Amino acid sequence: MKSPLFLEVQRVTKRFGGLSANENIDFAIKEGEIVSIIGPNGAGKTTLFNCITGFYHPNSGKIFFRGEDITRHRADAICKMGIARTFQIVQVISDMTVLENVATAALLRYTRVAHAAEEAEEVLAFTGLIEKKEALGTDLTMADKKRLEVSMALATRPVLLMLDESMAGLTRVELRGMIDLIKKIQRNGLTLVIVEHVMEAVMEISDRVIVLNSGKKIMEGAPQEVVQNKEVIQAYLGEKYSAVSP
Amino acid sequence: MGIFKWKQVFLGITALILLIFFPLAFPKPFPQHVMILVFMFGMMGAAWNIMGGYAGMFSFGQVAFFGIGAYTSSFLLITYQVNPWVGLIIGGLIAALVGAAIGYPCSNLRGHYFAIASIAFGEIVRTLFTNWKLIGAAEGLTLPMLDESVQNFIFHSSKLPYYYIMLVFLLLSLLVCYFVATSKMGYYFRAIKESHDVAKGLGINVVWYRLVAIMISAFLTAMAGTFYAQYILYLDPDSVLVLPISVQIVLISMLGGAGSVLGPVIGAVILMPISEVTRVMLGHKGTGIDMLIYGALITFISVYQPKGVWGLFTGMVKRSK
């Protein structure tokens, strides 16, 4: 069955031994949206990410991207189709410079290194890392590593960008910068799926929020709706957040 | 950066001229023999570097490719009178195919797990060849004494032709290595070396690129194998399929600087003469003192300069700027 939606996740279940990390998860993403996936640690957010991006294959259920069944595709093939991702534990190539890191990513669409490097310069100018292009991956601060990771994902020229906790552990100023970058990426026509714990950012940038708990989807809706939902407050946000939120 | 590059080109050309005239300054066989080994191990170090230094596959089984190269061309020459140059290509292709066939099931092995699997691979090939009657089993193969000519790849009166052939082989390998390092392939190899996940996330087909690295490395190492067979004119499993050769290749590359084009050559220039001279001077005493000196040196370098001699050199250039 073909799906007309941009990204559609149908009853996806992923088990590790006896543990169901994802159980019958259903949702769809429209082109141009920013959708956040939230939930407590161990809720299955990253597993879901890995299923969509081909790093895991679900035990049952299907995933469609632009109408094509990608459930069994390899990770590199999915990236070629236009879904790029970052990792919860930041992953950059440590003995390459910032420019080389991004050029490596850009090589997905180019054969010649020189052309990929030109593209990489453009991406770095966009993400605001161009001044550090000669720095080694290993020498960057955590905030810059996360920004570099986003730059690398962008250099593969995706249409869907999936960010796994790109805002965790940032200072207030750095957080502001990342939020602005994400908005800028959306304005450029990309669709974003974000796993995030920083509720301030989630509230500001999301068109919709999906809440997972113990491997199941417990709620989906506009950010304002979600933070007022009893079940979500109980499972994840806690009473304090609901009291201060409007 | 520009000046540094021109300096490198200048140094490279100077070194090449010196190497071309080396046999004139040292006409005796022993120095030439040592240099042939330097070139040969430099070549195999360069080949290892593509797998280990760039793609992060620490192979301790290179000797299998070396042996496959040596045996293929020799067997074809003895049994079917196939010209050794043709045998060299066929040996390279067979080594590449065997490498791919073994590499494929090992696609998810990284770090020390890959290293262990590669040791096993080398030992399996040795055991197989030691018992394989068709190719002489433990007795080995003796190559026929053909007339001396480049076409026959055999020379009796002087080591000089071997010297120049091996020099050309080495330059060819370095060219391949340079091409790999500066091309898309090299960038992809380095991403794979960092982490399979990061590579997959960038759309890199990790399994395929790892196999490409193995195949290039296997082909070049097998070429060195054929050369060795044509140079020594006798081979058996104990001389071309033993683990110490694999270890030597890894050490040379690590010492010189893995992940840089010239690193393995520098490693060979330092280690091979030490290894040969200590072997000739001290080895016959049976005390193993040559290996002791050798081991101490390696320990020293890995403790104080883990990036190898090349890393030491580039570090000095950076500091002086």
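Student: Which residues have the most contacts inside the largest nonpolar core?

Tutor: Let us begin with the general idea. In soluble globular proteins, nonpolar side chains tend to be buried together. In this predicted model, the largest nonpolar core has 163 residues. Those with the most contacts inside it are Val102(A), Met40(B), Met43(B), Met166(B), Ala213(B) and Ala224(B). Helix H9 of chain B, residues 206–232, gives the most to this core, namely 17 residues.

Student: Which residues does Met43(B) touch, leaving aside those up to four places away in sequence?

Tutor: Met43(B) is in contact with Phe169(B), Leu170(B), Ser173(B), Leu220(B) and Ala224(B).

Student: Turning to chain A, how many residues of strand E7 are buried?

Tutor: A residue counts as buried if 20 or more other C-beta atoms lie within 10 Å of its own. In strand E7 of chain A, residues 160–164, five of five residues are buried. Leu160(A), Met162(A) and Asp164(A) point one way from E7(A), whereas Leu161(A) and Leu163(A) point the other way.

Student: Which strands pair with E7(A)?

Tutor: Strand E6 of chain A, residues 83–85, runs parallel to E7(A) and is joined to it by three bridges; here Ile83(A) stands opposite Leu160(A). Strand E8 of chain A, residues 191–195, also pairs with E7(A) in the parallel sense, over five bridges. In that pairing, Leu160(A) stands opposite Thr191(A).

Conventions:
Residues are numbered from 1 along each chain as its sequence is written. Chains are lettered from A and ligands numbered from 1 in the order in which they are written. This is a predicted model: local features need pLDDT of at least 70, side-chain atom pairs count only at pLDDT 80 or more; totals for chains, interfaces and linings use all residues. A nonpolar core is a set of buried Ala, Val, Leu, Ile, Met, Phe, Trp, Tyr and Cys residues joined through C-beta atoms within 7 Å. A residue is buried if 20 or more other C-beta atoms lie within 10 Å of its own, exposed if 12 or fewer, and partly exposed in between; C-beta atoms are placed from the backbone. Helices (H or I, at least four residues) and strands (E, at least two) are DSSP runs, numbered from the N terminus. Two residues are in contact if their C-beta atoms, placed from the backbone, lie within 7 Å. Two strands pair if DSSP finds at least two bridges between them.
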